[in-house]
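Welcome! Here is a short briefing to read beside the structure, one topic at a time.

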Amino acid sequence: MNKIIARTQWLGIFVVLVGGCQFAHEQAVDHYVNALSMHQAALDDDAIQELQQAVQWDQEFSLAYSLMGDLYRQQGQYEDAATAYQTACTLDPWAFADHLHLGQVYQLLERFLEAIDVLKRAVRLRPDSAEANYTLGICYYETDQYDEAAKFCARAAELDPDKSEILSSLGDIYRKASDPYKAINAYKQSLEVDPGQVEVMIRLGTTYIQMERYDPARLILEKAVAAAPESPDPYGTLGYCYLCQKQVDQALASYQKAAELNPKSCMALNGIGVASMMKYLNDRQNTDLAKQALEHWHRSLEIQPDQPKIRKLVERYSSPPGTTSGPEATDMTP
């Protein structure tokens with residue numbers, strides 16, 4: 001008889017516990033539904049409060065943590081988003097979206113090693129996700145692991161060949177990995193998808209310059225100038241290309257245009273200085289050119305003092321006009 005009474009008591013306790021858990025979960029679901037409605041009404045702060053109530057009722061409600069992470073991420077509260085996504089991933093190790101989003105938040109927080117660990121899991125969960133492969137590749141790139149970066153970014157490009165951003169990033173990776181031919185191919189593919197990418201044109205032109213292939217560099221940089229005539233960067237890079245070809249007058253004109261568009265561009269000011277000094281070294285009677293070079297270098301150093309190469313040029317060429325001596329013009333680069 002005592003055993004029957006004890007079993008009955010335990011059964012009653014079990015029923016109460018189960019009923020209590022069911023009630024708590026129902027309350028959590030109600031708050032979650034409220035949060036969805038508030039999010040749709042653009043009341044995200046209120047939605048987050050509802051989600052906080054939901055997880056108080058049910059601490060294993062992974063959907064609530066996932067949505068909370070999404071809302072924090074949209075608001076730019078990345079630390080809070082990371083905390084929410086971490087819990088969601090712990091509760092549901094098979095949730096691809098939560099792992100991807102946690103990795104992306106870590107990336108925004110520049111916690112790249114943590115991002116890599118999480119994103120590797122995301123790629124295992126969904127190997128055909130271009131976004132996951134691409135984000136993992138970029139995080140490897142940020143940690144100077146260029147072989148792994150190229151591997152995953154190339155896979156992303158295979159999965160989504162019409163995404164110019166992936167292709168241009170692949171070009172950046174190959175360029176850092178000292179594989180300029182592959183970099184050029186990736187940049188060209190990116191421009192085939194989206195021909196109007198001025199920044200990619202500049203990076204392609206710069207890669208050509210580094211390979212001393214000045215003619216194709218000049219052609220693509222002239223296209224960049226035509227595509228963005230109000231942007232100083234294409235003019236500055238084109239000026240450097242001209243300088244490398246010893247076309248000093250064209251270089252000076254390009255740098256001057258860049259400085260006109262952005263008077264605080266150190267690249268443009270330094271380039272004007274170098275081109276002017278190169279002209280002076282070929283015509284030492286024209287001391288105004290030496291003065292012009294020093295003036296522009298000084299202005300550049302006022303904007304950005306930490307330029308040891310420019311400071312060295314100033315020291316070298318600051319002797320009185322007419323007595324300037326030093327290396328030939330070909331030894332100077334902006």
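Serine 178 is exposed, with a relative accessible area of 63%; exposed means over 50% relative accessible area, buried under 20%, and partly exposed in between (1.4 Å probe, protein chains only). This is a predicted model, in which local features need pLDDT of at least 70 and side-chain atom pairs count only at pLDDT 80 or more, while totals for chains, interfaces and linings use all residues. Residues are numbered from 1 along each chain as its sequence is written, and side-chain values use heavy atoms, with hydrogens and water left out.

- Most residues other than glycine have a negative phi.
- Serine 178 is not a glycine, yet its phi is positive, at about 60 degrees.
- You will find serine 178 in the loop between helix 9 (164–176) and helix 10 (180–193); helices (H or I, at least four residues) and strands (E, at least two) are DSSP runs, numbered from the N terminus.
- Glutamate 110 also is a residue other than glycine with a positive phi, near 60 degrees.
- Glutamate 110 sits in the loop between helix 5 (96–108) and helix 6 (112–125), and it is exposed, with a relative accessible area of 60%.

**The protein as a whole**

- The protein has 17 helices and zero strands.
- Of its 334 residues, 45% count as buried.
- Among contacts (heavy atoms within 4.5 Å) with a separation of 6 or more, 47% come from residues 24 or more positions apart.
- The largest nonpolar core holds 94 residues, and Met277 and Trp297 have the most contacts inside it; such a core is a set of buried Ala, Val, Leu, Ile, Met, Phe, Trp, Tyr and Cys residues joined through side-chain atoms within 4.5 Å.
- Helix 15 (residues 266–282) gives the most to this core, with eight residues.

**A buried alanine**

- Is alanine 251 buried or exposed? It counts as buried because its relative accessibility is 0%.
- Alanine 251 belongs to helix 14 (residues 248–261).
- Leaving aside residues up to four places away in sequence, alanine 251 touches Gly239, Tyr242 and Leu243.
- Glycine 236 is 15 residues from alanine 251 along the chain, and their C-alpha atoms are separated by 8.5 Å.

**Helix 7 and helix 8**

- Helix 7 (residues 130–142) packs with helix 8 (residues 146–159) at an angle of about 160 degrees, their axes 7 Å apart; axes are lines fitted to C-alpha atoms, for helices over the stretch in contact, and angles run from 0 to 180 degrees between N-to-C directions.
- That makes helix 7 roughly antiparallel to helix 8, the word for angles over 145 degrees.
- Residues from helix 7 that meet helix 8 include Tyr134, Leu136 and Tyr140, while Phe152, Cys153 and Leu159 are among those on the helix 8 side.
- By class, this contact has 11 nonpolar, two polar and two charged residues; Ala, Val, Leu, Ile, Met, Phe, Trp, Tyr, Cys and Pro count as nonpolar, Asp, Glu, Lys and Arg as charged, and the others, Gly among them, as polar.

**Helix 16 and helix 17**

- The axes of helix 16 (residues 287–303) and helix 17 (residues 308–316) come within 10 Å and cross at roughly 145 degrees.
- Leu294, Trp297, His298 and Leu301 of helix 16 make the contact with Ile310, Arg311, Leu313 and Val314 of helix 17.
- These residues divide into six nonpolar, one polar and one charged.

Key. Parallel < 35°, antiparallel > 145°, perpendicular 65-115°, else oblique.
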